[in-house]
Amino acid sequence: MQHLPGRCSGLGPPGGRRRGAARGRTPVARRSGGVHLRLIASGGVTVHQAAGTGYQRAADAYERSRPSYPLPALRGLADAVGLEPGRTVVDLGAGTGKFTRLLALTGARVVALEPVAAMRGRLAELLPGVEVGSGTAEATGLPDASADVVVAAQAWHWFRQEEALAEVERVLRPGGSLALVWNTFDDSVPWVRDFQRIYFGRAPEDLPSHLDGRWRTLLEARPGWSPVEELHLPNPHPVTREGVLERMASSSIIAALDAAEQERVRAEVDAVLRAHPQTRDGDRVELPYTTDVYWTRRA
Ligand SMILES: C[S@@+](CC[C@H](N)C(=O)[O-])C[C@H]1O[C@@H](n2cnc3c(N)ncnc32)[C@H](O)[C@@H]1O
């Protein structure tokens, strides 16, 4: 692994903290596109408070419990935006490298940026051949016109999107592409709806989500980008019952709760699993996701 110049977020370790608070750090309120965000600044890197606290605690659970992405989604994207040897792709909010490892399969040079130290540490262990840096989407630290493609998988909603777009425009070469990828729960499934209700019940007011479509509104209003193209593929994720509990625990806002509240969440998820015919019996459960892939080219 090569480490790019950058700054470590250095956010604190797990432990029974006040809901949504990071010990020793003062969240700051900031307005972005009409939305008030609570941010944590540490070591010069600023991210949403829930991401900074939660992902610092939940890196292992994240790596174990989150789904990958279907290979046809990677292939479709690679064909559309030209991911191949000789090209450079930047993976913003790379986390533990779930999408990074697929990008590496294309033969392109992959630069993974992840501001939360614990997530970045797992990525570095798992993908020693990938260049890793601690830059944010808003301040990558990368040179002008140095990338052919910028990707954000399961991450763009966490960014201050206008600032991130300006940074992507700076970093992309002319004709380069931006790709946004999400694994989205199929909440037409009743037990999944109940599972998600537990999560949304704990969500802070400023919790960002790609489901509000704000990312698309901003992107489509911005001059110099081609119309957004998209691809959607089923991505069912077979797990154990414990895997479902861990999936919940890997959510940043749940990981940021104190220990007693996390226990209550666990009990509620367990109750949902016991209540529904699809999840009541046996140890295997299928988490139904769709992988949503969007891309647009810079004029
Ligand atoms: C849900 S994880 C996605 C990780 C990975 N891309 C994947 O596909 O599993 C979102 C990641 O975005 C990171 N993140 C949050 N705010 C960020 C920002 N402003 N700039 C860059 N990354 C950020 C978080 O630390 C977290 O690791």
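Predicted model: local features only at pLDDT ≥ 70, side-chain atom pairs only at ≥ 80, totals over all residues.

Residues are numbered from 1 along each chain as its sequence is written.

**Exercise 1.** Find which residues have the most contacts inside the largest nonpolar core.

*Solution.* Start with burial: 44% of the 299 residues count as buried, that is, with 20 or more other C-beta atoms, placed from the backbone, within 10 Å of their own. Next, a nonpolar core joins buried Ala, Val, Leu, Ile, Met, Phe, Trp, Tyr and Cys residues through C-beta atoms within 7 Å. The largest has 76 residues, and L77, V89, V90, V150, V151, A179 and V181 have the most contacts inside it. Finally, take V181: beyond its neighbours within four places in sequence, its contacts (C-beta atoms within 7 Å) include Y69, F99 and V293.

**Exercise 2.** Describe how α1 and α4 meet.

*Solution.* Two packed helices are described by the angle and the distance between their axes. Here the axes, lines fitted to C-alpha atoms over the stretch in contact, come within 7 Å and cross at roughly 35 degrees. Then list the partners: Y55, Q56, A59 and E63 of α1 touch A117, A118, M119 and R122 of α4.

**Exercise 3.** Which residues are closest to the ligand?

*Solution.* First, 23 residues surround the ligand, each with its C-beta atom within 6 Å of it. The closest are G93, G95, K98, T136 and A153. Lastly, β4 (45-48) and α1 (49-65) each give two or more residues to this shell.

Technical notes. Buried ≥ 20, exposed ≤ 12 C-beta atoms within 10 Å, placed from the backbone. Helix = DSSP H or I, 4+ residues; strand = E, 2+ residues; numbered from the N terminus. Contact = placed C-beta atoms within 7 Å. Axes fitted to C-alpha atoms, helices over the stretch in contact; angles between N-to-C directions.
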